[in-house]
Structures are given as C-alpha cells and as structure tokens.
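Welcome! Let's get to know this structure together through a handful of questions and answers.

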Amino acid sequence: MILTVPDVGLAAQLVGWGLRVNKRPALEPGYRDLVRRYLEEPLFRETVRELARGLGLIVLDVSEHGVALGPAEGSVFALRPSDFRKVERAEERLLDGLVQLGIAVTVFPRARDLDEEATLARPPISVQDVEDLLRGLCMRAHDAQKEKPDPTASEEEQGMIEAWRIFKRRQPTADTKDGRRAPGTTLRIIEENLDRLCELGCFVRNQRSDTANYQATWRYQVLCRELAASAAFVRVRRAQKNAQEGDA
Amino acid sequence: MERWPKELRQRMRVVLHTLPITDLHRNQGMAQPELRHYDALALAMKVLDLIVESMGMEQEVDRRAVVRALGPLLSAMDMAHGLIPEEGRHLAMAERLLDNLRNDGNHRHPFQIEYTDFDEAGVAVQRLVEFRLIEDRHHPIEGIVLRLSNEAINLFLGAFELDIEDAQAAAEAVVRSQLDRGKFHEAVQSARGALLQTLRMQEKIDGILKQTRRDVTRVDWREATPRLLDEAVEHVLRRVGVEQGILETAQERLKVLPTDHDQATPLRHIIEIIQRCRLRHMELQDQLMRARSVFLDEQERQAFSVLSARALPELGREVLEPLLAMPARTAEQIVIDVSPAFSGPGAPALLSLRGLIGWQLQPRREIVRGEILTDAPDLVTYGEDEARFSKEEHAEVDAMLDGLSEPVLLSELLAQAASRSGTSALPALVALRVLQDFAPDEELSTPGKALRIDPIGAWFDAAGFCGDELSLCPPASPSTPTEGSRP
C-alpha cells in the first residue's frame, strides 16, 4: 500500500481531532472515518504515530472513543502549571501537583485498577474523597514523624521540609459569606483542579443534589494507565535514587 | 474413582457466581421497610435481560433506562401489596438493585468469594473466585452505560457448561440469542462489536510486536503472549464460523423476500458488513502467522541488551507516599514534570492572524429590529438647569454696572452690592461679572459695552472677598481712580 501526500494531511487531521478533546468519532463522520483507517491500515497508523511524535505527542490509544494523546517530555503541548491554575508561588504549584496525584490515586486506589481496561468506567469521585485521601496520608506521615524534632527555620526557608507538611498546614475549608469554598483551602484547590480537568476532557462533573461528583473519562483512564502512572513512578524512583546516592 | 472431579469445581464456581444475586433475594428483608415488599430477584432478572438485549447496540442501557424499565414491574408489586405506586420509591429500589449488582458497597471492586477446593492429593484448599456482574462502561458517544460482564452473560444465558470467563463465548451467546429472536439488526450490531474486539486484538498484537522490537524482555513470550496469540487464532476461527452462520441466514432470507420488501435493504447491508468482518479476520490471521517469527528475530538481535521490565505501579504506595515524604523543593520539581502527563496535551494558545483579520473584516452585525421592546424616551428641554443666581440678581448687577458713570474700585462695588442685598449672592455675582469683564471671552463679549478694568497695585478685603484691587471704568470714562483718591 502506498501513502500519498494527501494521506499525510489526513494523518495530521487525525492528530488534530485528538487535540479536540470533546469531539467523539461517533458524532463526527470525518473523525470516525480516520479512526477506522487508523485501525485498519498499518501504514497510515505508523504515519499518524510518527507525525504525532514529531509534534511532541504520543498516541496512547485509538478506538471508537477517539484518539487519546499524551504530551512527550518537553513538548510544546505539555501544560505548564500556570496554564492549569493561575498560581505563582512554589507552594501553590506543589499543592496543585499533589492534588493531581491525589486525584489519580483516588480514581485508581490499587495497582490492579490501572491494569483494567480503560473502557471500564471507574467509580465517580468527589472533592471530599481526594481531600480525605491526601489528609489521611499527611496525618500518617505526621504520626510517623512525631518522635523527630520539628524542622528548623532554615530548612523551611530552603524548601527542605517534607511536602506533606505543606499540605497539612493548609486548612481544608474556611467559612465564607456566600457559602462557597474559601480560596486557598485544600477543598477549593481540589475543586479547581477537578474543574480544570473537566475542561481538558479528563472528567465529567455530575451535580446530584448538594454534592458534585466527578466521573473519570476514557481519556483520563488511558492517560493514567498508558503514560502518567509510569512516568510519575520513574520520576519518583529517580529522585529517591539520587537522594540515596547523595546520602552515601 | 476420582474423589473431586474437576467438573465439580467448574459447576461450583458457576454456582458461586449466582451468590450476589441470591443474596439480593435473601437480604431483601434488611432493606428499608418501604422497599421490603419488592422481589429483588425478579427485578434483577429483568435488569440483566434488559442489558443483554441492548449490548453492542448504539442505544445501550444506562441507569435511567433501568429505572424506566423497572417501573411497570415495581408498580405491579406495589398494587399486589395494596400500595399506591410512587416514583421516589421506585427510584430508591432501582438504585439499591444496581448498587448491589455493581458491588457499590465495596467501591465497585469485583465480588470476591472464598470456596473450598481439593487438590489432586485430596487436600482441602481455600480458593478465591473474583468476578463482576454489571459493569459501568464508557460509551463512545457520551456518558456511562451498563454492561454485563462475561460471567454474567454466560450465567444469564444459561451456559452452565461453558468456561464462564470466556469473552468469546459471551459474545457468541449474545449473537446467538439475537439470531434466535430474529433480531438481525441487533445481531449485526453485536457482530460489529465483535469486529471491534478483533480490531482491538489486532492493535494489541501490534503493540506487543512493537514492544518486542524495542525490548524483547518486556514482553512475556513464555506464557502470556503465546496464549494471547492462540486465543486470537481461536477468535478468528470462531468468528468466521459465526459470521458464516449470519451470512447464510441473511442470504436465505434475502432470497425469499420480494426485491422491494422493507427488510431487503437492511439484509443487503448486513451481508456487506459481515463480508467486511471476514476480510478483517483474514488480515488478523496473516498478522498472527508472522508474529512468532518477530519474536525469534528480535530475541536473536537483542540477545546482549540488558533492560528491565516492570508492571504498572501502585500510585498511592509507590508514588504519592514517597513524594509526600520528600523535601518540598524536590517534590515540587517532580510534580511540575509529571503533571502534564495527568492532564493530557493542550494546544498552545497562539494569536491567529488570519482569525484576527477575519474578525476585523467581518461585516457589521445586522441589528434585528423588533426583538426588543424599547420605551420612547421622555423628552426634556435642554439648558433648563437650576441656575445659581436668579434673573432678578442678574438684573440688579446689570443695573449696577450699567449705572456706573465714573471709575469705581472693586471693593467699593462689592460693599455696595452687600449692603443692597444682605446676602452673599449679589457680591459673588458682581465679583464673577467683573472677572468675566477683566478677561472677556471674545465670542461672548459685546464690543463697546465692556468695562475697562485695571489693577491698581493694591490689596483689598471687602464683603467676604479679598485680592488685588481693581479699578472699573465705564466705557466712556477718561480716568482711573487711585488708592486713596476715595475713602
């Protein structure tokens, strides 16, 4: 089978569809045809993958649900912390990152949950679920450190205190006049992160009575399973190894 | 004679799969009092039937569809117990049923049931069987739909002798059931589902081969992959058989139908789709035949490379907990690096010159009249604002200034105005008029009528005003008064 120049254009179109996270092949005939072609023609599939790779994107999965793309390291498509939430302080960036991981752990509490097919919908989660998980881990870390002396002021200044202390010292909630979650509280930060993930096609918000829950989408499940979980694990392991070598 | 034939284990495992359903029936007495009269087992059978009927079709069953479908049965049960059907109670019962069938109480993890087995020596061994009945699945268009697990399909369709976890058997059972009921369209939808399964299998095998080419040690070529390849071959052969059955039945039906019959066109469509399915299976077969040689080639090529293989991590224990224990600065750098992977890519926001120019050149938006009712404005006469000085005061000052026959000092004029009115308004108007004449506006001044006003180099303080003393001469007056020339 020969691939023509217009075919390369179509391959690029499929990558473009993958970036439009709210589009579904079942509702877009052009998208659906390209997905079918991707699944049926090995050469076209290879072209799409290479084209995406050249742009700094990784094709994680293609199915009737659409194209799931992931950003390669240093990709122009990788969202920066400021794209995610308008924060400037290092502490806020850290909290956002911890919340992102907390959300993923709440969706996939066990390693085997990641192993399951991405089409199997995970149970919905709430802001409080994520808060409970992170707060619980912080309290556990706190209890484990009880016998040790408190961090010094210089450790605090140099950012050498443990990350859990940053989360733990933040209040989960605070009273506001209008009954909304107060800015800067952990519940509000989690809510903002989940809402942003909804905009990025990773979650769908369902409001039932007074509480909202968030349903992870196929795209988010693919992202975690095929890219993020392993990337985070490798990065953490590397940091642990560096720390051990530093100690030695 | 064998003490514990393996068929017994097989049958027992099937029975174990029914326990969550029978538990529903047994535990109904523990439900809320208003729900106890419902027969949960009958309702569960209806839910399973509803889901299996719709599987693989474009319109699948979701939670709301279950509630709708159970409505008539729940109403009948209500009436049998002398109760008035009530929507809220129906919803509560449907939710309770789904919660139990999905194992919501245990975070929708699979059901885990322990049972006793006997090994070849006759020793009792405790084993654990794990399965789901109803699963939440992402729908390709939108939302979440309910599907039966392979185990539930086989259980429900009465396949007690089958390997209960066999996905292929489950798919075939659905197609067979639909064909038996004369539901050709549904059978084709299921065939499409099976084709999709084929495509995914093809993709999976493709992925394994790519992974093998990258690092042969990261693929289990001892057990898992050969098993997958065997399954794939079996899948292809079975699919060809099933599709052949559908094809023959459809062609027979088409032969006996008049050309212009309503069902003729859908049947032709069915034949076309099934033929496409068969073509795809032949491609998969070709891929399968080449798969093993890829492994052998790569094993030879990568014989001396050393790489490690690893399964997916446990995010909580292996990532989040170590991260929380790290120094904040290190943890911050890590989360900045990995967060983009959790949120997916985003197209960078860039200025589109084309878009901007297009926006700027777009024609003016047409105003659609008549859509918004507007009230006619109340017209008022312009320039009738309340004045600080009355007409009488203006007339009095005019008379004072016009009445000047000889030069006079400003302080004298102010004192005169104060004594005439008794208020500060008249002196203020005099002061303003004098200032206006001191620096007249060319457009407003009347030639020949303006006073001649000159500073005399002295200071005055009179009638609440103070400043440089001025001499005011009427237009015809020849001389200017000086300080001291008057009292």
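Q: Is B:R108 buried or exposed in this model?
A: This is a predicted model, and the relative accessible area of B:R108 comes to 17%. Buried means under 20%, so B:R108 falls on that side of the cut-off. The answer is therefore buried.

Q: What is the phi of B:R108, and where does B:R108 sit?
A: B:R108 is found in the loop between α4 and β1 (111–118) of chain B. Its phi is positive, although B:R108 is a residue other than glycine. The value is near 60°.

Q: Which phi value does B:A463 have?
A: B:A463 belongs to the loop between β6 (452–462) and β7 (465–473) of chain B. With 35% relative accessibility, B:A463 counts as partly exposed. B:A463 is not a glycine, yet its phi is positive, at about 55°.

Q: How many helices and strands does chain B have?
A: Chain B is made of 487 residues, and 41% of them count as buried. Taking contacts in chain B with a separation of 6 or more, 61% come from residues 24 or more positions apart. As for its elements, chain B has 15 helices and seven strands.

Q: And how many helices and strands are there in chain A?
A: Chain A has 248 residues, of which 50% count as buried. Among its contacts between residues at least 6 apart in sequence, 57% join residues at least 24 apart. The elements of chain A are eleven helices and four strands.

Q: At what angle do the axes of helix α1 and helix α2 of chain A cross?
A: Helix α1 of chain A covers residues 5–19 and helix α2 of chain A covers residues 29–40. Their axes come within 10 Å. The crossing angle is roughly 110°.

Q: Is the crossing of α1(A) and α2(A) left-handed or right-handed, and which residues make the contact?
A: α1(A) passes α2(A) in a left-handed crossing. From α1(A), the contact is made by A:D7, A:L10, A:Q13, A:L14, A:W17 and A:G18. From α2(A), the residues are A:G30, A:Y31, A:L34, A:V35, A:R37 and A:Y38.

Q: How many nonpolar, polar and charged residues does the contact of α1(A) with α2(A) have?
A: The contact includes A:L10 and A:W17 of α1(A), along with A:L34 and A:V35 of α2(A). Sorted by class, it has seven nonpolar, three polar and two charged residues.

Q: How many salt bridges are there over all chains?
A: One of them joins the side chains of A:E191 and A:R205, at 3.9 Å from N to O. Another is formed by B:D23 with B:R26. Over all chains, the count comes to 42 salt bridges.

Q: How many residues apart are the partners A:E191 and A:R205?
A: A:E191 is buried, with a relative accessible area of 16%, while A:R205 is partly exposed at 35%. A:E191 lies in helix α10 (residues 186–199) of chain A, and A:R205 lies in strand β3 (residues 203–208) of chain A. The pair links distant parts of the chain, 14 residues apart.

Q: What is the N to O distance in the salt bridge of A:R235 and B:D337?
A: This pair crosses between chains, from helix α11 (residues 218–247) of chain A to helix α11 (residues 328–343) of chain B. A:R235 counts as buried at 16% relative accessibility, whereas B:D337 counts as partly exposed at 38%. Their N to O distance is 2.8 Å.

Q: How far apart are the closest N and O atoms of B:D23 and B:R26?
A: Both residues lie in helix α1 (residues 6–26) of chain B, three residues apart, about one turn of the helix. B:D23 counts as partly exposed at 26% relative accessibility, and B:R26 is exposed at 63%. The closest N and O atoms are 2.9 Å apart.

Q: Leaving aside neighbours within four places in sequence, which residues is B:E95 in contact with?
A: B:E95 lies in helix α4 (residues 87–102) of chain B. At 17% relative accessibility, B:E95 counts as buried. With those neighbours left aside, its contacts are A:R208 and B:R63.

Key: Residues are numbered from 1 along each chain as its sequence is written. Chains are lettered from A and ligands numbered from 1 in the order in which they are written. This is a predicted model: local features need pLDDT of at least 70, side-chain atom pairs count only at pLDDT 80 or more; totals for chains, interfaces and linings use all residues. Side-chain values use heavy atoms; hydrogens and water are left out. Axes are lines fitted to C-alpha atoms, for helices over the stretch in contact, and angles run from 0 to 180 degrees between N-to-C directions. Helices (H or I, at least four residues) and strands (E, at least two) are DSSP runs, numbered from the N terminus. A crossing is left-handed if the near helix is turned anticlockwise from the far one by less than a right angle, and right-handed if clockwise. Contact means heavy atoms within 4.5 Å. Ala, Val, Leu, Ile, Met, Phe, Trp, Tyr, Cys and Pro count as nonpolar, Asp, Glu, Lys and Arg as charged, and the others, Gly among them, as polar. A salt bridge is a side-chain nitrogen of Lys or Arg within 4 Å of a carboxyl oxygen of Asp or Glu. Buried means under 20% relative accessible area, exposed over 50%, partly exposed in between (1.4 Å probe, protein chains only).
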